[in-house]
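Notebook open, structure loaded. I wanted to look up the ligand site and then the aromatic pairs.

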Amino acid sequence: MKIGKLCGPKMEVLKRGAALGGIVLGAGVLSAGCSGAAEETRDSIRIGVSLYRGDDTFINNIRQELEKCAKTWEQETGLKVILDIEEAKGSQYTQNNQVERFIALGCDALCINPVDRTAASAVIDKAMAENVPVVFFNRQPVEEDMNRWDQLYYVAASAKESAVLQGQIVADSYREDPSVLDADGDGVISYVLLEGESSHQDSLIRTEWSIQTLKDAGLPIERITGGIANWERSQASALMEQWLAQYPDTIELVICNNDDMALGAIDAMERADVLGIQVVGIDGTTPGIAAVESGRMMGTVSSDKEAYAQAIFTIAADKALGRPVEDDIDLENGKYYNCPQQIVKIE
Ligand code: GAL
């Protein structure tokens, strides 16, 4: 079986080595500090990272890449990185306390995956008071909060792009062979939809643009039902089990806002011994890609986790050293970075 990788419109590769090539960093480095205050000699930086949850597959993939970035950076610069990674276990209160602790420990920059993206102001207040730059990621603070300070950044994969690419996987497959998606041959693709957290920008935008892309491509789609499974495999599995019983021999396609929910839907199909329903995801997590490779999933949209983590780490490290963000991190409006994404599907 062949796996095809199609580039998304924003395919790009970050070259860390090249970026650091011009900077000589040895036993110590002169830093102006974030405030531009007194210069100091440094041989290490400290970065505090708080994850909204520690059991989220995609976030864990990013965490692993961040740890790799820190190691590579240490080798390249000769400086030490203390990467303090905490999990907020879904509590904004816990995350706020972690931020306070990071600041008390003297962190030079923070990387925050907010629990409640509408409540980033408490984190921003604490960071601004102590002049500690913040790189938010994956859960987007509201624009009003992001505009409060020029030392706030946001790294993510564009939700619209993910959704358009997900729609393309389905549309291309239909064009190649309509019977793959219209299994009963009634001229209609009957689909169900599994959505992420209702408050997450990715859920709303991915749902809207995935369906819009199918409509724009002229596919004869009909929605049977949908539900919120909060990005979780077990919740998606329970919903899918219910739908398989409620709509027997009807569902032809499961559109999922992420890979974990896609895997949950597949779990339910396997338990019920149902074959022939196509499933698409988003993320390109390790188990998601494995499901595409084994033919259990039609395709996924993989964000470049290396570039994603590299952007988070590079911005944080540059800011920790009191420098402007390197040019090869392509920032929109000076603060937003969108990582490249690509389709992964069975050819
Ligand atoms: C989404 C991702 C989900 C989940 C969520 C957490 O971007 O697709 O799998 O990780 O972020 O905020």
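Before the contacts, the cut-off I used: a polar contact is a pair of N or O atoms within 3.5 Å. I also kept in mind that this is a predicted model.

**Entry 1: ligand contacts**

I started with Arg-139, where a polar side-chain atom sits 2.8 Å from an oxygen atom of the ligand. For Asn-138, I read 2.6 Å between an N or O atom of the side chain and an oxygen atom of the ligand.

On its own the ligand has 310 Å² of accessible area, and the protein covers 98% of that. Then I asked which elements give two or more residues to the shell around the ligand. I found α2 (57-77) and α7 (201-216).

**Entry 2: who is in the shell**

I went through the residues surrounding the ligand; among them are Tyr-52, Asp-56, Phe-58 and Ile-59. The list also includes His-200, Asp-202, Trp-231, Asn-258 and Asp-283. Sorted by type, the shell has four nonpolar, three polar and five charged residues.

Where does the ligand lie relative to domain 1 and domain 2? Domain 1 (11-155 + 305-338) and domain 2 (159-303) both contribute shell residues, so I put the ligand between them.

**Entry 3: back to Arg-139**

I located Arg-139 in the loop between β7 (134-137) and α5 (143-146). Is Arg-139 buried or exposed? Its relative accessible area is 5%, so I noted Arg-139 as buried.

**Entry 4: aromatic pairs**

I searched the whole structure for aromatic pairs and got three. I wrote up two of them, including Phe-58 with Tyr-308, which is edge-to-face. For this pair I noted 5.7 Å centre to centre and 80° between the planes. Phe-58 is in helix α2 and Tyr-308 in helix α11 (residues 305-320), so the pair ties together parts 250 residues apart in sequence. I checked burial too: Phe-58 has 8% relative accessibility and counts as buried, and Tyr-308 is buried at 1%.

Trp-73 is in helix α2 and Phe-313 in helix α11, so I have a link between distant parts of the chain, 240 residues apart. Both partners came out buried: Trp-73 has a relative accessible area of 4%, and Phe-313 has 1%.

**Entry 5: one more distance**

Last, I looked at Ser-173, which I found in helix α6 (residues 159-176). At 13% relative accessibility, Ser-173 counts as buried. How far is the C-alpha atom of Ser-173 from that of Glu-347? I read 9.2 Å, for two residues 174 apart along the chain.

How values were computed
Residues numbered from 1 in each chain as written. Predicted model: local features only at pLDDT ≥ 70, side-chain atom pairs only at ≥ 80, totals over all residues. Heavy atoms only, no water. Near = heavy atom within 4 Å. Polar contact = N/O pair within 3.5 Å; in protein donor to acceptor, adjacent residues only side chain to side chain. Areas by Shrake-Rupley, 256 points an atom, 1.4 Å probe, with all protein chains shown as cover. Helix = DSSP H or I, 4+ residues; strand = E, 2+ residues; numbered from the N terminus. Nonpolar A, V, L, I, M, F, W, Y, C, P; charged D, E, K, R; others polar. Domains from an automatic or database assignment. Phe/Tyr/Trp six-rings, centres within 6.5 Å; stacked < 30°, edge-to-face > 60°. Buried < 20%, exposed > 50% of the residue type's maximum accessible area, 1.4 Å probe, protein only.
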